[in-house]
Amino acid sequence: MAVTECAAVRDDAPPALRLRLLGGFHLSRGEGDGGEQVDVSASGQQLLALLGLRGPTTRSVLAGTLWPEVTEERARACLRTAIWRLNTAGSAVCDPRPGVLALSRRVRMDVEDFTATAHHILAASAEGTGAACASLMGMGELLPGWYQDWVVFERERLHQLRLHALEALSARLVEQEQYAPALEAALESTRIDPLRESARRAVVTVHLAENNLAEAVRHFKAFRGLLRTELGIEPSEQFLTMVRHALT
């Protein structure tokens with residue numbers, strides 16, 4: 001079944017499509033929160049999500065990934081049906097080359113925006129840290145309630161990227177002596193993963209930068225107690241040395 005070619009976006013092109021996967025699937029027509037919602041079938045949602053996360057993909061791989069429990073012929077038929085139903089989504093899918101499907105260039109996806117922000121922070125850029133903090137703090141989980149293997153893998157990838165970005169952002173804000181947002185970013189990373197030591201060190205780093213020694217020790221002791229209860233282990237020697245050095 002033919003789909004739209006991946007042509008460049010023209011000034012007179014139809015309104016852009018906004019695809020949101022963080023916090024749940026949502027497709028809307030037009031920019032901003034006030035865009036018109038576009039209804040998409042379950043199979044169409046999976047197709048758009050997979051293309052959005054993996055980029056251009058062959059039809060055979062798409063069919064096999066989305067319908068692994070049926071024959072190849074049946075899976076390809078399901079894919080054709082899903083594409084046909086997506087016509088109501090304003091040509092969100094295109095074919096950049098024979099046998100390959102991709103998201104149309106008119107589709108803007110929140111995962112792309114988040115990934116760009118995270119890599120911007122990890123590149124040690126000091127610009128736009130305030131906006132970066134706001135975007136990372138408000139991010140939802142990738143497609144909650146979806147348990148397909150490819151979703152679970154991408155969810156973990158974005159989860160780890162977000163944690164690394166939050167920790168890097170906290171360190172950058174400490175360097176700029178913006179301690180309140182630095183602490184907020186560090187604490188958000190501990191909320192996401194309470195047993196992550198690097199996130200706990202980020203919190204203690206902020207407290208020490210503000211000379212709040214009591215808060216630093218209190219947070220360290222709380223983390224040590226949590227580790228002992230949950231895993232029966234101790235914080236690393238690096239973390240112990242960090243706190244001891246601050247107290248000497």
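Predicted model: local features only at pLDDT ≥ 70, side-chain atom pairs only at ≥ 80, totals over all residues.
**Entry 1, helix H1.** I began with helix H1, which runs over residues 42–54, and found that its 13 residues reach 18 Å from the first C-alpha to the last, close to the 18 Å expected at 1.5 Å a residue. I then looked up burial along H1 and noted Ser-43, Gly-44, Leu-47, Leu-48, Ala-49, Leu-50, Leu-51, Gly-52 and Leu-53 as buried. Just after the helix I checked the backbone of Gly-55, whose phi is positive at about 85°.

I counted 12 salt bridges, taking a side-chain nitrogen of Lys or Arg within 4 Å of a carboxyl oxygen of Asp or Glu. Arg-29 and Glu-36 form one of them, with 3.6 Å from N to O; Arg-29 is partly exposed at 24% relative accessibility, and Glu-36 is also partly exposed, at 49%.

I next looked at Arg-162 and Glu-188, whose side chains meet at 2.8 Å, N to O. Arg-162 lies in helix H6 and Glu-188 in helix H7 (residues 179–192), so this pair ties together parts that are 26 residues apart in sequence. Both Arg-162 and Glu-188 are buried.

The side chains of Arg-196 and Glu-167 also meet in a salt bridge, at 2.6 Å from N to O. Because Arg-196 lies in the loop between H7 and helix H8 (197–209) while Glu-167 lies in helix H6, the pair ties together parts that are 29 residues apart in sequence. I recorded Arg-196 and Glu-167 as buried. As a last item on charges, I noted a network of salt bridges that links Arg-18, Arg-108 and Asp-113.

Which residues make the nonpolar surface patch of about 240 Å²? I found Leu-195, Leu-231 and Ile-233 there, and I placed Leu-231 in the loop between helix H9 (213–230) and helix H10 (237–247).

Methods. Residues numbered from 1 in each chain as written. Heavy atoms only, no water. Patch = residues over 30% accessible without salt bridge, like charges linked within 9 Å, V, L, I, M, F, W, Y side chains within 5 Å. Areas by Shrake-Rupley, 256 points an atom, 1.4 Å probe, with all protein chains shown as cover. Helix = DSSP H or I, 4+ residues; strand = E, 2+ residues; numbered from the N terminus. Expected span 1.5 Å × (residues − 1). Buried < 20%, exposed > 50% of the residue type's maximum accessible area, 1.4 Å probe, protein only.
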